[in-house]
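Hello,

I am passing on the structure we spoke about, and my notes on it follow below. Please read them with the model open.

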Amino acid sequence: MADQQSPNSLQREVEELARFPEMNPGPVLRLDPKAEVILANSAARKIFGQESLVGKSWLDLCPGMDQDAWKTISACSTETGFEADISERCYLFTHVCPESSENYFVFGSDVTQIKLIERELEEQRKSLANMARFPDMNPGPVLRLKDNGEIILSNVAAQEVLGEDVVGLNWKDVCPGMDSSIWAKITASNDITNREVRLDGRVYMFTHRKDFETNFTFVFGADITEQKKTERSLQQAE
C-alpha cells in the first residue's frame with residue numbers, strides 16, 4: 001500500500017504551488033476561458049503597472065490582443081505565442097491550456113534584446129545585399145582577383161568588355177601587356193597602380209588596388225577613349 005501524505009505535507013505542497021508563480025522572474029498569469037485574469041504574479045503586476053490585475057480582461061491589458069487573436073489562441077491545442085510592446089520593451093507571451101483545465105496559463109519573457117539583434121541582423125543582411133549589388137551598379141568594369149591573378153568576380157560592365165566567361169580566367173592572360181613582373185609589383189604595392197590598355201579599338205584605364213586584409217586585388221576600369229581623342233586633338237592644335 002502506497003504511503004499516504006500527511007495533511008501537513010499536503011498543505012506545504014499546496015503552499016509551494018501557490019508560491020510558484022511569484023518565484024518566476026517573468027510575468028505569469030492565469031486566465032479563464034473568457035480571457036479574464038484570475039491570477040497574476042508580482043512580475044506581471046509590475047510590467048502592467050497595476051497593483052491588481054485580477055478581474056481584468058487580458059484583451060484590455062495586452063497591447064494588440066483583440067477578440068480575433070484570442071479566438072485563435074483559444075482554438076489552438078498547442079502553445080501559442082503573442083508578441084506585445086509594453087513600455088518600450090518587447091514581450092513574448094506564451095499561452096498554454098493544460099488538458100486537465102479550462103483555464104489558460106500565460107508565461108511572459110522579455111525578448112527586447114533578441115528583437116534588437118534580429119533587427120541588426122536584418123540590417124546587416126540588407127547592407128550585404130546592397131554591397132553585393134554595388135559592382136553591377138558601377139558603369140565601368142569591376143573585378144576581384146586572387147593573389148595569383150585569377151578572376152573570381154566581375155560585374156556586368158566587365159563581362160561586356162572582357163567577355164561573359166571572364167570569371168575563372170587569369171588577369172595576366174586577359175589584360176593586354178600584363179605580365180608576371182608587372183602583376184608582382186601590383187600585388188606587393190600599397191599604392192594604386194594604373195594600367196592603360198587598348199581593347200577592341202577602345203582605350204581603358206584599369207586601376208588596381210591590393211587589399212592586404214583579404215589578399216584580393218580589386219580592379220576598376222574606365223573607358224577613356226574620348227578623353228584620349230581630346231588629348232590628341234589638343235596636341236595637334238598646339
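The backbone nitrogen of Lys 172 is 2.9 Å from a polar atom in the side chain of Asn 170. Please keep in mind that this is a predicted model.

The side chain of Asn 170 also reaches 3.0 Å from its own atoms to the backbone oxygen of Asn 148. Asn 170 sits in the loop that lies between helix H6 (156–162) and helix H7 (171–174). With neighbours within four places in sequence set aside, the contacts of Asn 170 are Asn 148, Gly 149 and Glu 150. Is Asn 170 buried or exposed? Its relative accessibility is 18%, so Asn 170 counts as buried, the cut-off being under 20%.

Residues up to four places away in sequence are not counted in what follows: Asn 103 touches Arg 30, Leu 31, Asp 32, Pro 33, Ile 38, Val 96, Cys 97 and Pro 98.

S4 and strand S5 (residues 104–110) run antiparallel and are joined by six bridges. Val 96, one of the residues that Asn 103 touches, has Phe 105 in S5 as its bridge partner. On the other pairing of S4 (residues 89–96), seven bridges link it to strand S3 (residues 80–86), again antiparallel. There, Asp 85 has Cys 90 in S4 as its bridge partner. S3 and S4 make a hairpin with two residues between them, and Ser 87 in the turn has a positive phi of about 50°.

Next, the five-stranded sheet. This sheet is open, has the order S7-S6-S10-S9-S8 and shows antiparallel pairing. Its edge strands are strand S7 (151–154) and strand S8 (193–199), each of which pairs on one side only. From one strand to the next, the twist averages 25°.

Within this sheet, S8 and strand S9 (residues 202–211) run antiparallel with seven bridges between them, and Thr 193 stands opposite His 208 in S9. Helix H8 (residues 180–188) packs on the sheet and touches strand S6 (142–145), S8, S9 and strand S10 (216–223). The direction of H8 makes about 50° with that of S9. Helix H9 (residues 225–237) packs on the sheet as well, touching S8, S9 and S10, and its direction makes about 120° with that of S9.

Regards

Conventions
Residues are numbered from 1 along each chain as its sequence is written. This is a predicted model: local features need pLDDT of at least 70, side-chain atom pairs count only at pLDDT 80 or more; totals for chains, interfaces and linings use all residues. Side-chain values use heavy atoms; hydrogens and water are left out. Two strands pair if DSSP finds at least two bridges between them. Helices (H or I, at least four residues) and strands (E, at least two) are DSSP runs, numbered from the N terminus. Contact means heavy atoms within 4.5 Å. Buried means under 20% relative accessible area, exposed over 50%, partly exposed in between (1.4 Å probe, protein chains only). A polar contact is a pair of N or O atoms within 3.5 Å; within protein, one must be able to donate a hydrogen and the other to accept it, and residues adjacent in sequence count only if both atoms are side-chain atoms. Axes are lines fitted to C-alpha atoms, for helices over the stretch in contact, and angles run from 0 to 180 degrees between N-to-C directions.
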